[in-house]
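Hi everyone, thanks for making time today. Let me put the model up on the screen, and then we can walk through one part of it together.

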Amino acid sequence: ATGRELFVRVARKEGRSVARLRAVDYGKECVVETEVFPPDATTAVLAGPYSFADVRHATAFVTEAVEALMYLGCDVQAA
């Protein structure tokens, strides 16, 4: 099924990509897809996807993840 992309957040630290979070609304559920870029990896590692009952819960998850990344010194932007 095709979903509606709600938002994408990209975290960088010292100019290097650290993580990418993408929220997609499928109507009956909302999914957050994540990519993590480990320091020594050449490609992203997929984590999740994480499924939530609604947009509110998915947004709360991403908000907490973004706050943690910012606490760790990352610059987080909308993509």
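Let's begin at the start of α1: which backbone nitrogen does a side-chain oxygen of Asp54 reach? The answer is that of Arg56, to within 3.2 Å.

A word on the source: this is a predicted model, where local features need pLDDT of at least 70, side-chain atom pairs count only at pLDDT 80 or more, and totals for chains, interfaces and linings use all residues. Residues are numbered from 1 along each chain as its sequence is written, and side-chain values use heavy atoms, with hydrogens and water left out.

Now the helix itself, where helices are DSSP runs of H or I with at least four residues, and strands are runs of E with at least two, numbered from the N terminus. Helix α1 covers residues 55-71, and its end C-alpha atoms are 24 Å apart, which agrees with the 24 Å that 17 residues should span at 1.5 Å a residue. That expected span is 1.5 Å times one less than the number of residues.

Which residues of α1 are buried? They are Ala58, Val62, Val66 and Leu69, with buried meaning under 20% relative accessible area, exposed over 50%, and partly exposed in between (1.4 Å probe, protein chains only). These four cover an arc of only 70° around the axis, so they sit on the same side of α1; the arc is taken from the directions from the helix axis to the C-beta atoms. On the other side, Arg56, Glu64, Glu67 and Tyr71 are exposed.

And what follows α1? That is Gly73, whose phi is positive, near 95°.

Key
Polar contact = N/O pair within 3.5 Å; in protein donor to acceptor, adjacent residues only side chain to side chain.
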